Amino acid sequence: MTYIGKSVKRVEDRRFITGKGRYTDDIVLPGMTHAYILRSPYAHAKINGIDTSEAKAMDGVVAVFTGEDVKDIAGVPCGWQVNFKNGDTMKEPPHPLLVRDKVRHVGDAVAIVIAEEREIARDAADLIQVDYEELPAVVNAADAVQDGKALVHDDVPNNICFDWELGNPKEEVDAALDAADHITTLEFVNQRVTPNAIEPRSAIGSYESAGDHYTLYTTSQNPHLIRLLMCAFVLGIPEHKVRVVAPDVGGGFGSKIFHYTEEALMVWCSKQLERPVKWTADRSESFITDAQGRDHSTKAEMGFDKDGNIVGLRIKTFANLGAYLSTFSTCVPTWLHGTLLQGLYTTPKINVDVTAVFTNTVAVDAYRGAGRPEATYLLERMIDTAALEMGRDPAELRLQNFIPPFDGVEQAGYMTQVALQYDSGNYHRALEKALEMVDYKKFRKDQEKARAEGKLLGIGFSTYIEACGIAPSAVVGSLGARAGLYESAQVRVQPTGKVSVYTGSHSHGQGHETTFAQVVADRLGIDIGDVEIVHGDSEAVAFGMGTYGSRSLAVGGSAIMKSLDKVLEKGAKIAAHKLEAAVEDLDFAEGKWTVKGTDKSISFADVSLTAYVPHDYPQNLEPGMDFSSFYDPANFTYPFGAHIAIVEVDKDTGKVTLKRFVAVDDVGNVINPMIVEGQIHGGLAQGIGQALFEETIYDENGQLINGSYMDYTMPRADDLPSFEVDRTVTPCPHNPLGVKGAGEAGTIGSTPAVVNAVMDALSPLGIKNLAMPLTPERVWRYIQE
């Protein structure tokens with residue numbers, strides 16, 4: 001049976017929907033204690049003193065620790081170095097496990113209380129007296145760099161982490177824009193959002209003195225990286241003494257990639273007490289501790305010649321990093337955002353200038369799409385606005401400026417002005433398919449009739465590209481990554497022909513246990529039920545770089561393919577011996593080796609058994625069937641697509657109704673269409689959520705004013721139409737599966753499509769730019785003004 005390309009039902013769903021999932025907070029260890037972390041109510045304040053005596057005296061309290069207790073422990077590191085334009089190294093202030101000098105955002109950890117029960121720990125924390133001296137706060141990145149503003153870190157002038165530039169020399173771009181026949185200029189904010197994974201973060205530290213061994217259970221997307229960072233940079237523990245387990249993880253959207261202070265803190269506390277220590281965030285705590293996303297303030301200028309061809313693009317962005325550097329925070333506004341500003345267009349001159357800024361807010365890092373949504377929003381808003389200003393059709397303007405088709409084999413990959421070489425693409429085909437699905441010409445006629453009746457009906461486009469399969473190591477290393485971004489896979493064939501796969505990728509909703517099993521079963525010609533997928537445990541899996549950047553199949557799946565090739569290579573030698581034939585005279589298909597031109601064959605299971613019972617066996621070939629591989633790709637992969645939104649705006653209330661949403665995505669070859677469509681649907685919901693509903697709001701004092709589900713709005717089912725999804729297929733030329741990645745596509749393309757549709761609906765009123773989210777109140781106010 002062929003499994004690749006089939007919508008196989010997810011094998012892991014049975015345990016999830018029957019309540020058999022095993023999440024970090026479900027784990028109960030003998031003698032386990034419970035931690036509660038006292039967090040700052042101020043965004044910026046000196047700590048003049050802490051009195052923990054009453055808390056320590058409370059019945060059931062095991063221990064109380066403050067910043068003084070962990071002052072000799074290094075803070076959690078940043079995993080990506082970015083330099084200033086002049087070559088100076090970025091500013092990298094420490095991020096302590098517990099602060100002791102001053103707090104730098106609401107939610108900064110001041111003390112930890114450990115007790116026999118979580119409720120006791122929480123009550124005891126209320127007894128801790130902290131003498132705060134409140135200081136002025138900065139929350140807006142563009143404002144925080146001004147002279148005289150409060151400093152988040154005293155040794156970081158003007159709160160600037162780095163000032164970075166990419167693309168063509170600025171003077172060349174300036175000249176191109178000076179010569180342009182038309183320049184479109186927009187200033188906008190890609191607002192901050194909160195990830196809101198369904199499972200809050202949790203960590204359990206456990207120490208066994210007998211073997212001087214540590215175990216960390218954590219809600220992580222990449223347990224091996226957590227072990228590496230914690231051991232090498234924070235606690236200084238030899239890696240072989242530390243096991244990190246990420247069991248079932250209930251969503252992440254990027255927010256569970258990073259090494260958080262709580263992970264190292266639980267491990268350190270367990271050593272002090274020689275008892276397990278568990279911490280689980282409540283939802284309000286998640287709002288003030290989980291890394292948040294986006295928050296770019298941008299001015300962009302795009303120039304066109306008299307025929308509508310783009311001649312140049314100039315961008316200045318202030319990127320808000322929050323109070324501390326998170327694991328990948330510095331690469332999001334630079335190498336994940338700046339490098340995608342070519343988009344799908346032949347723009348010959350591009351210059352992007354990014355100033356990354358510390359503020360008294362929660363750290364900002366990768367959130368589903370991570371830099372790619374910010375780049376796409378910028379480009380697609382610029383194209384639609386330019387079309388409006390020049391009286392051009394926005395779809396035709398895109399098609400005119402698209403990069404011509406190329407497959408990366410016969411036609412070389414496209415070299416951009418911003419450091420990347422695209423692998424393969426046919427961008428015209430995706431947009432043309434989306435236009436056909438939406439019946440564009442008919443819509444424009446219907447729109448004219450609707451406007452004549454006083455209705456505000458609009459259509460919006462977004463054509464995007466993203467860099468996925470985050471690697472290769474040599475490239476990302478040259479760009480500042482402090483770790484390799486390969487992936488590992490071990491394929492162990494059992495004597496009976498059953499197969500166990502140990503992958504460094506980690507599933508937190510992607511369906512790896514199904515998709516990876518499809519790849520293995522298809523390649524070996526065995527039943528999918530004979531394949532076991534193991535992940536998330538550093539003791540079971542030798543090493544891995546985890547799951548993010550839509551890299552699981554493109555990198556993790558390719559590592560599995562390399563190990564499968566080794567299995568089949570050895571299997572062919574055993575089969576040739578048993579069949580008394582040469583290896584080159586054998587064909588492998590449908591789970592068996594056959595001598596060409598004959599009916600002589602031997603099954604995969606028989607060969608596997610022979611490998612472990614080598615009585616009749618090739619000389620000089622070692623027994624067993626167990627292979628490991630590391631895969632470091634030659635390039636990123638580049639999914640792309642075209643999204644179209646149709647909206648109606650109620651001019652009396654400002655409410656935006658999303659009437660249709662069409663998405664045509666090209667993610668390369670598809671292993672499981674049902675899983676891909678599910679990924680697209682989820683991404684669309686999140687991207688639409690940012691366009692219409694979601695925003696993380698701080699007041700001028702750095703107080704988060706919508707840090708609960710009563711105040712932070714996410715889309716509900718009845719806010720969304722039934723999505724109309726389709727795809728084109730342009731295989732990736734440089735990985736063995738031809739896949740590109742699908743996890744972030746929906747989020748990247750959908751946001752500007754919705755905003756552009758609203759702008760199209762409001763264009764008869766002379767409105768051409770609105771700040772997200774496009775809430776009814778905001779839209780209504782703009783209409784009134």
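Here's a quick look at the charged contacts and the cysteines in this model.

The model is predicted, so local features need pLDDT of at least 70 and side-chain atom pairs count only at pLDDT 80 or more, while totals for chains, interfaces and linings use all residues. Numbering runs from 1 along each chain as its sequence is written, and side-chain values use heavy atoms, with hydrogens and water left out.

**Salt bridges**

Taking a salt bridge as a side-chain nitrogen of Lys or Arg within 4 Å of a carboxyl oxygen of Asp or Glu, the count is 52.

Lys85 sits in the loop between strand 3 (61-66) and strand 4 (102-103), and Asp353 in strand 15 (residues 350-358), so their bridge ties together parts 268 residues apart in sequence. Helices (H or I, at least four residues) and strands (E, at least two) are DSSP runs, numbered from the N terminus.

How accessible are these partners? Buried means under 20% relative accessible area, exposed over 50%, and partly exposed in between (1.4 Å probe, protein chains only). Asp353 is buried at 10%, whereas Lys85 is partly exposed at 44%. Lys306, at 68%, is exposed.

There's also a salt-bridge network linking Arg39, Arg201, Glu262, Glu285 and Asp290.

**Cysteines**

With a disulfide taken as two cysteine sulfur atoms within 2.5 Å, the structure has 0 of them. Cys331 is in none: its nearest cysteine sulfur, in Cys78, is 8.1 Å away. Cys331 is buried at 3% relative accessible area.
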